[in-house]
Amino acid sequence: MSDKLIIFDTTLRDGEQSPGASMTKDEKVRIAKILEKMRVDVIEAGFAIASQGDFEAVRAVAKAVKDSTVCSLARALDKDIDRAGEAIKNTNSARIHTFIATSDIHMQMKLRMTPDEVVSQAVRSVKRATKFTNNIEFSPEDAGRSDIDFLCRIIEAAIDAGATTINIPDTVGYNIPHQFGETMKELIERVPNSDKAIFSAHCHNDLGLAVSNSLSAVLNGARQIECTINGLGERAGNTSLEEVVMAVRTRQDIFGCDTNIDTKNILAASRLVSSITGFVVQPNKAIVGANAFAHEAGIHQDGILKHRETYEIMKAEDVGWHTNTLVMGKHSGRNAFKVRMSELGVEFDSDDEFNNAFSRFKALADKKHDIFDEDLQALVTEAQAEATEFIRLISLKVCTETGKENTANITLLIDGKEKSASAKTSGAVDATFNAILSLVDIEPILQLYSVTNVTQGTDSLGEVNVRLEYEGKIVNGQGVDTDIITSSAKAYVHALNKVMENVERAHPQI
Ligand code: KIV
Ligand code: ZN
């Protein structure tokens with residue numbers, strides 16, 4: 001059996017299906033670039049038929065990425081396959097991932113199809129995908145609750161039709177590690193042509209078992225794991241890339257295989273995804289949480305100082321901690337800035353775009369002495385958000401005094417016209433949001449408001465995340481500034497801009 005474990009990242013597709021985590025084309029390209037730098041084998045860039053925006057995002061990622069395979073999802077429908085094929089054409093290495101549900105409950109209640117119809121639809125779609133690429137993945141959706149005999153039948157037929165990867169999804173996160181591992185083993189043993197395909201695990205985390213289930217699949221013959229950065233994904237999320245990669249790397253004695261991943265980029269990728277989506281990483285999250293390598297208890301510190309391996313099973317620097325040394329300051333020039341941005345995976349399409357980013361950097365360097373990688377990433381996130389704005393923050397003045405009401409005076413540029421308003425309440429952020437709302441015609445519900453420091457120190461950029469719900473649509477907005485009331489206003493305006501985009505997208509699994 002191969003000792004290479006393929007890492008298939010679906011942050012840009014399954015991760016993005018998480019309500020509020022939708023990303024713009026430029027944001028997807030930035031994440032894809034860091035995944036490529038990390039040496040992810042396959043990047044699932046989106047679901048091309050979902051909307052024109054999704055199609056363009058898959059195309060943009062396919063164009064930007066050279067070293068990883070770029071994949072588009074497609075239901076087992078002719079129109080989906082053709083759209084996916086169109087989106088990934090002209091890519092160095094392309095894959096189409098097609099799926100159809102195979103559990104009784106999904107076939108009867110959702111598809112309203114017989115098992116025979118499902119098999120022929122799967123075969124037809126895999127064959128159709130061969131017109132575009134010979135790298136085809138087939139997934140029997142809800143395999144975790146499907147009949148094993150039926151799975152064997154449909155998988156054999158899909159491989160005969162040309163599928164080169166067979167992905168086994170536990171779509172609803174129902175499986176338990178030993179059971180999921182046994183399913184994988186039984187499928188590989190019983191499907192007569194299983195040697196012609198790579199078997200893959202795709203697990204959801206509803207019972208908190210996505211990583212364990214994926215690893216159990218590897219122990220039983222799977223050689224691809226589908227995962228997302230920070231475990232981003234619908235409901236409780238997907239398998240977390242950083243956790244499976246580090247488990248396999250740390251315990252090669254158990255797994256007998258390894259990935260190609262350059263783990264030093266893990267932290268940067270985690271931070272980028274968190275900042276773009278607004279999904280904050282919990283401090284005690286394995287590998288990428290702020291406390292993941294913090295040894296606070298005195299006894300542990302003593303042990304670590306005497307001999308590191310007493311309490312540490314991995315080195316923090318191997319996943320990107322501590323490599324974030326001071327990079328730039330007030331006197332850094334244009335060239336140093338360009339080189340550092342390129343190292344972070346950010347390329348500029350035009351001189352204007354570069355000049356805009358450089359002047360933001362200079363403005364920040366005037367306010368803040370030490371500029372770190374996270375600051376640079378935050379500046380790019382902000383510039384990208386502003387580029388698509390319908391509403392823009394022009395100015396904000398807030399007066400606060402202990403024991404008195406706070407007043408916010410705001411000026412926005414809305415569809416090219418300057419408009420001003422003020423509001424007074426007991427909180428500065430509340431007054432700012434009320435003033436903004438009085439200038440727009442909609443009343444979204446605020447679902448989440450959070451503030452985090454981008455780096456250490458009181459002069460750190462404060463990053464604010466705002467989640468709004470409007471007419472069933474959930475969006476996240478981010479804003480960064482050294483002043484957190486201004487960050488809050490920027491984040492609120494960013495989210496409002498997304499609400500107003502009003503893009504309709506199809507969900508692949510509905
Ligand atoms: O969870 C799932 O079943 C999926 C499929 C589309 C692979 O995401
Ligand atoms: Zn999924």
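Biologist: What is the volume of the second largest cavity?

Modeller: The volume is about 40 Å³. Keep in mind that this is a predicted model.

Biologist: What makes a space a cavity and not a pocket?

Modeller: A 1.4 Å probe fits in a cavity but cannot get out, whereas a pocket is open. The structure holds 2 cavities of 30 Å³ or more. At about 40 Å³, the second one is over that limit.

Biologist: Which residues line the second largest cavity?

Modeller: Its lining consists of Ala 378, Thr 381, Glu 382, Ala 385, Glu 463, Gln 478, Gly 479, Val 480 and His 494. Two elements, α16 and β14 (473-481), each give two or more of these residues. The largest share, 4 residues, comes from α16.

Biologist: Why is His 97 called buried?

Modeller: Buried means under 20% relative accessible area. His 97 has 3% relative accessibility, so it counts as buried. This histidine lies in strand β4 (residues 94-101).

Biologist: Which residues does His 97 touch, leaving out those up to four places away in sequence?

Modeller: Among them are Phe 8, Glu 44, Cys 71, Glu 137, Asn 167 and Glu 226. A contact means heavy atoms within 4.5 Å.

Biologist: Why is Asn 90 called exposed?

Modeller: The cut-off for exposed is over 50%. Asn 90 has a relative accessible area of 73%, so the word applies. Asn 90 sits in the loop between α4 and β4. Its phi is positive, about 65°, although Asn 90 is not a glycine.

Biologist: Why is Arg 112 put in the exposed class?

Modeller: The relative accessible area of Arg 112 is 65%, and therefore Arg 112 is exposed. The loop that holds Arg 112 runs between α5 (104-111) and α6 (115-129). Arg 112 has a positive phi as well, about 50°, and is not a glycine.

Biologist: What span does helix α3 reach, and what span is expected?

Modeller: Helix α3, residues 52-64, has 13 residues and reaches 18 Å from its first C-alpha to its last. The expected span is 1.5 Å times one less than the number of residues. For α3 that gives 18 Å, so the span is close to the expected one.

Biologist: Which residues of α3 are buried, and what covers them?

Modeller: The buried ones are Asp 54, Phe 55, Ala 57, Val 58, Ala 60, Val 61 and Ala 62. Their cover includes α1 (11-15), α2 (25-37), β2 (42-47), β3 (69-75) and α4 (78-88).

Biologist: Which residues are buried in helix α10?

Modeller: In α10 (residues 241-250), Leu 241, Glu 242, Val 244, Val 245, Met 246 and Val 248 are buried. Elements covering them include β1 (6-9), α9 (210-219), β8 (224-227), α11 (252-255) and α12.

Biologist: How many helices and strands does the whole protein have?

Modeller: There are 18 helices and 14 strands.

Biologist: Why is the protein called as compact as a globular protein of its length?

Modeller: Its radius of gyration is 24 Å, and the globule rule gives 24 Å for 510 residues, so the description holds. Of those 510 residues, 56% are buried.

Note on methods: Residues are numbered from 1 along each chain as its sequence is written. Chains are lettered from A and ligands numbered from 1 in the order in which they are written. This is a predicted model: local features need pLDDT of at least 70, side-chain atom pairs count only at pLDDT 80 or more; totals for chains, interfaces and linings use all residues. Side-chain values use heavy atoms; hydrogens and water are left out. Buried means under 20% relative accessible area, exposed over 50%, partly exposed in between (1.4 Å probe, protein chains only). The radius of gyration is taken over C-alpha atoms; the globule rule is 2.2 Å times the number of residues to the power 0.38. On a 1 Å grid over the protein atoms alone, a cavity is a set of points where a 1.4 Å probe fits but cannot get out, and a pocket is an open set with protein on both sides within 12 Å along at least five of seven lines; lining residues have an atom within 4 Å of a point. Grid points are joined across faces, edges and corners, and a volume is the space filled by probe spheres set on the points.
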